[in-house]
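Dear colleague,

Please find below the structure that I am handing over to you. My findings follow directly after it.

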Amino acid sequence: MGDFKKSSSHGNWSAERSTNRSAAVVLTFLAVLLILFGMIRHNAASGVSAIPDPAVDETLALKKGQETVVVAGGCFWGIQAVFEHVKGVTSATSGYAGGTLENPDYEEVSSGTTGHAESVEIVYDPSQITLGVLLKIFFSVAHDPTQLNRQSPDTGAQYRSAIFFTSNDQQRIARTYVDQLDQAKLFSHPIVTQIVPLNAFYRAEDYHQDYAALHPDYPYIAIYDLPKVKHLQQEFPSLYVANR
């Protein structure tokens, strides 16, 4: 009986190990498929025909100044990484916007219950770059504006595409540009970017700031975010800044 029990126990352990190994293989396979799907969607968005300049835009200011716009387009690591390399951008800060909870943290926003989206506050000098050009970069290299409540492998309303405006002029420029791009039918699907007023922007935790620059070898960054920066350099060479 003792030998049989020992043999049965070993058989159960072997079966359990086999089951765990099979589950691991399945999970790995699904993870690879998810990454490939994200890369295909990202490449499809990156491969869109060169989008036109906005028909309605600001004119460059005569004097140095400071303007702010907040955008959302998936994980804020990649959006921040792109705009940190844009000439005329003074700062790009990861944070949260669009929800009702005051001073949210990452875990709360990730739950999808706060209404907030992972966002980036872009502070720029209007004598060097216009809002329209920033939006052209946003739509062409920073994210895929046709994905609803998701971006690449990340799903949920916290990863939605949005422009949070702070003035009537910003709203007008953003709305006119989206209409212009939709009418041009450059994307395979309609643009789903929300254009809504900014009620508040909450800075994300310190460990989220400059994440792509500090962790370039992290697989997510290498797969999804560094190609965006490379695409920026290729598509907008006169606006690309290597280091800030």
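Of the 244 residues in the protein chain, 42% are buried. Please note that this is a predicted model. The chain contains seven helices and eight strands. Its accessible surface amounts to about 12,800 Å², and carbon and sulfur atoms hold 55% of that area. Among contacts with a separation of 6 or more, 81% are between residues 24 or more positions apart.

The sheet

Six strands form an open sheet in the order β7-β6-β1-β3-β2-β8, and their pairing is mixed. At its edges lie β7 (194-197) and β8 (201-203), each of which pairs on one side only. On average, neighbouring strands of this sheet are turned by 35° against each other, direction ignored.

Strands β2 (residues 89-97) and β3 (residues 117-124) are joined by eight bridges in the antiparallel sense. Within this pairing, Ser-91 has Val-123 of β3 as its bridge partner.

Strand β1 (67-73) is also connected to β3, through six bridges, and the two run antiparallel. Here Val-70 stands opposite Glu-121 of β3.

Helix α2 (residues 76-83) lies across β1, β2 and β3, and it runs at about 170° to β2. Helix α4 (residues 131-142) packs on the sheet as well, where it touches β1, β2, β3 and β6 (161-165). The direction of α4 makes about 165° with that of β6.

In soluble globular proteins, nonpolar side chains tend to be buried together. In this model the largest nonpolar core has 47 residues, and Phe-83, Ile-137 and Phe-139 have the most contacts inside it. Helix α4 gives the most to this core, with eight residues. A second, separate core has seven residues, including Val-70, Ala-72, Ala-97 and Ala-117.

Which residues does Ile-137 touch, not counting those up to four places away in sequence? They are Val-82, Phe-83, Val-86, Ala-142, Leu-232, Phe-236 and Leu-239.

Aromatic pairs

A pair of aromatic rings is described by the distance of the centres and the angle of the planes. The structure holds nine aromatic pairs. In one of them, the ring centres of Trp-77 and Tyr-211 are 3.9 Å apart and the planes are at 5°, so this pair is stacked. It links distant parts of the chain, with Trp-77 in helix α2 and Tyr-211 in helix α6 (residues 211-214), 134 residues apart. Both Trp-77 and Tyr-211 are buried.

Trp-77 also pairs with Tyr-220: their ring centres are 5.8 Å apart and their planes at 85°, so this pair is edge-to-face. Tyr-220 belongs to helix α7 (residues 219-235) and is 143 residues from Trp-77, so that this pair, too, links distant parts of the chain. Tyr-220 is buried, as is Trp-77. Trp-77, Tyr-211 and Tyr-220 form one aromatic cluster together with Tyr-218 and Tyr-224.

An exposed loop residue

Is Gln-66 buried or exposed? With a relative accessible area of 59%, Gln-66 is exposed, because this value lies over the 50% that marks exposed residues. Gln-66 is placed in the loop between α1 (2-46) and β1. The C-alpha atoms of Gln-66 and Tyr-124 are separated by 5.6 Å, although the two residues are 58 residues apart along the chain. Leaving aside neighbours within four places in sequence, Gln-66 is in contact with Val-123, Tyr-124 and Pro-126.

With kind regards

Methods
Residues are numbered from 1 along each chain as its sequence is written. This is a predicted model: local features need pLDDT of at least 70, side-chain atom pairs count only at pLDDT 80 or more; totals for chains, interfaces and linings use all residues. Side-chain values use heavy atoms; hydrogens and water are left out. Two strands pair if DSSP finds at least two bridges between them. Helices (H or I, at least four residues) and strands (E, at least two) are DSSP runs, numbered from the N terminus. Axes are lines fitted to C-alpha atoms, for helices over the stretch in contact, and angles run from 0 to 180 degrees between N-to-C directions. Contact means heavy atoms within 4.5 Å. Buried means under 20% relative accessible area, exposed over 50%, partly exposed in between (1.4 Å probe, protein chains only). Accessible areas come from the Shrake-Rupley method with a 1.4 Å probe; for residues, only the protein chains shown count as cover. Rings of Phe, Tyr and Trp (its six-membered ring) pair if their centres lie within 6.5 Å; planes under 30 degrees apart count as stacked, over 60 as edge-to-face and the rest as tilted. A nonpolar core is a set of buried Ala, Val, Leu, Ile, Met, Phe, Trp, Tyr and Cys residues joined through side-chain atoms within 4.5 Å.
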